[in-house]
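This briefing covers a surface patch and a set of charged side-chain pairs. The structure comes first, followed by the notes.

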Amino acid sequence: MYDAQDVLNSIFYQKVSFLPPKYNFSWKLKDFYFLVKDGSDALDNPAIIHYTGQSKPWEKDGLNTDNNYDSYFWRFAAKCPYTEELRQICHAYTEIYPAFDNGISIVFCGDENIIIPIFASIQSIIDNTSNSEKYDIIIVANKFIENYNYMFQSMIINKKNISIRVYNIEPFLKMWDMSKIKNVNWLSFAAYYRLFLPELLKKYHKVLYLDCDTIILEDIANLYHTDVTNYYAAAVIVHFFIRSVTENFKKFIQDTLLMKDASEYFNSGVLLLNLDLIRHDFSFPFLLEQIEQKGGIMYDDQDVLNSIFYKKVRFLPIKYNFMRASKKFYFLVDGGLEALKHPAIIHYGGSNMKPWKKNGILKGREYDIYFWKYAAKSPYADKLKQICQQYFDVSGYKKRKINYLRCLILSYILLGKKRRHYKEKSHAISCSLKETELFMVRRDKILFWD
């Protein structure tokens, strides 16, 4: 059965001092530790972790296994002289190759929070493709539910010139020490993934990175064919942002990011990346070091990218990263009027007023209609419809209306504390009903649902 283990058990029988389980902790048996003495202590504070059986942290199956204890292996492996060879072996297990020769390589990055916008964004790419081009779409993500992959594949049935693949970044993250990397509260750690692309996609020469909250209104190949031979990236300057930032942030750009000309600060939501040149000039440990030093202060990945790419960025027409929240500034910049009339990529940037979130639906801004056009055609449309209806409790509208009238009447006929109670309650229900009524109007006019 177990060779040496069986022999040792046999000859040492009745002459063994049993140690607490934390001195030989096997994470595969973690469910049983709740049943044994000192098992909880072993789960929380293992003294010796034993990677028994299959799925070792450094093997293919282990890299794709989700457990918290592999991080200990990689923490110490990163300090040993065999580190680089080990990473190369592990990277080979998960390496991704181009789906086509001379394809248009497009990359999204994120986690489970990107599901709603990414379906709409990919649908907009698909609907504006050309039969003469090939499109290689990669979603670099963690914590993705496997079912989503089937939904992505359903979007390209009978479309032989389009590929969609999900790249699980978890194995890669295990191999590097990310413990010192910070991110601001309103941005996901996944925002940094775009900085990992040169190391992740070693078989790619150039990729177009897109934020998941973008809608593409023309053939993305037009942008992809931009020449970036002598540049790290092509991007759009954030004109409205630069004009409105505080003096403190301008000082941060100049002193911390080491950008003498703050007017060259670009938005990182749309990036055409020259991976070959980035790999040539920057090692991946250097990129991690820059993230540790300059991330987690203001705008995370965007600050780091601006700093290291400074003076080697080709600036794109503003229509390729049109942020509808700042419409008034477009009258003041070159190409602004064209962007207002014919945006090529709409970027719903910022944390507020996303078209699919409650506040965004209630406000219903001018360019949100493009998001709903493609969201309604995507395989996630039904789920999105349910989410939106839950925001405003459409199904319970009639009951709440009756309850509102009841509370309103009681607020008039009762006295004292009860009157105040029902007055406050009727006001709260009234506000909720107005939101639901506004949603039901916008559902018919904007959300493209039958």
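Leu 8 is partly exposed, with a relative accessible area of 40%; the classes are buried (under 20% relative accessible area), exposed (over 50%) and partly exposed (in between), for a 1.4 Å probe and protein chains only. The model is predicted: local features need pLDDT of at least 70, side-chain atom pairs count only at pLDDT 80 or more, and totals for chains, interfaces and linings use all residues. Residues are numbered from 1 along each chain as its sequence is written, and side-chain values use heavy atoms, with hydrogens and water left out.

**Nonpolar patch**

- Leu 8 is part of helix H1 (residues 4–11); helices (H or I, at least four residues) and strands (E, at least two) are DSSP runs numbered from the N terminus.
- Together with Val 7, Ile 11, Phe 12, Val 16 and Phe 18, Leu 8 makes a nonpolar surface patch of about 630 Å².
- Patches are made of residues with over 30% relative accessible area and no salt bridge, joining like charges within 9 Å and nonpolar side chains (Val, Leu, Ile, Met, Phe, Trp, Tyr) within 5 Å.
- Accessible areas come from the Shrake-Rupley method with a 1.4 Å probe, and for residues only the protein chains shown count as cover.

- Side chains of opposite charge can pair when their charged atoms come close.
- A salt bridge is a side-chain nitrogen of Lys or Arg within 4 Å of a carboxyl oxygen of Asp or Glu, and the count by this rule is 11 salt bridges.
- One of them pairs Asp 136 with Arg 165, with 2.9 Å between the closest N and O atoms.
- Asp 136 lies in strand E2 (residues 135–141) and Arg 165 in strand E3 (residues 162–168), so this pair ties together parts that are 29 residues apart in sequence.
- Asp 136 is buried at 1% relative accessibility, whereas Arg 165 is partly exposed at 23%.

**Salt bridge between helix and loop**

- Arg 194 and Asp 211 form a salt bridge at 3.3 Å, N to O.
- Arg 194 belongs to helix H9 (residues 193–200) and Asp 211 to the loop between strand E4 (206–210) and strand E5 (214–216), so the pair ties together parts 17 residues apart in sequence.
- Arg 194 is buried, at 7% relative accessible area, and Asp 211 is buried at 14%.

**Salt bridge within a helix, and a network**

- Asp 255 meets Lys 251 in a salt bridge of 2.7 Å, N to O.
- These two residues, Asp 255 and Lys 251, are 4 residues apart in helix H12 (residues 247–255), which means about one helical turn separates them.
- Asp 255 is partly exposed, with a relative accessible area of 45%.
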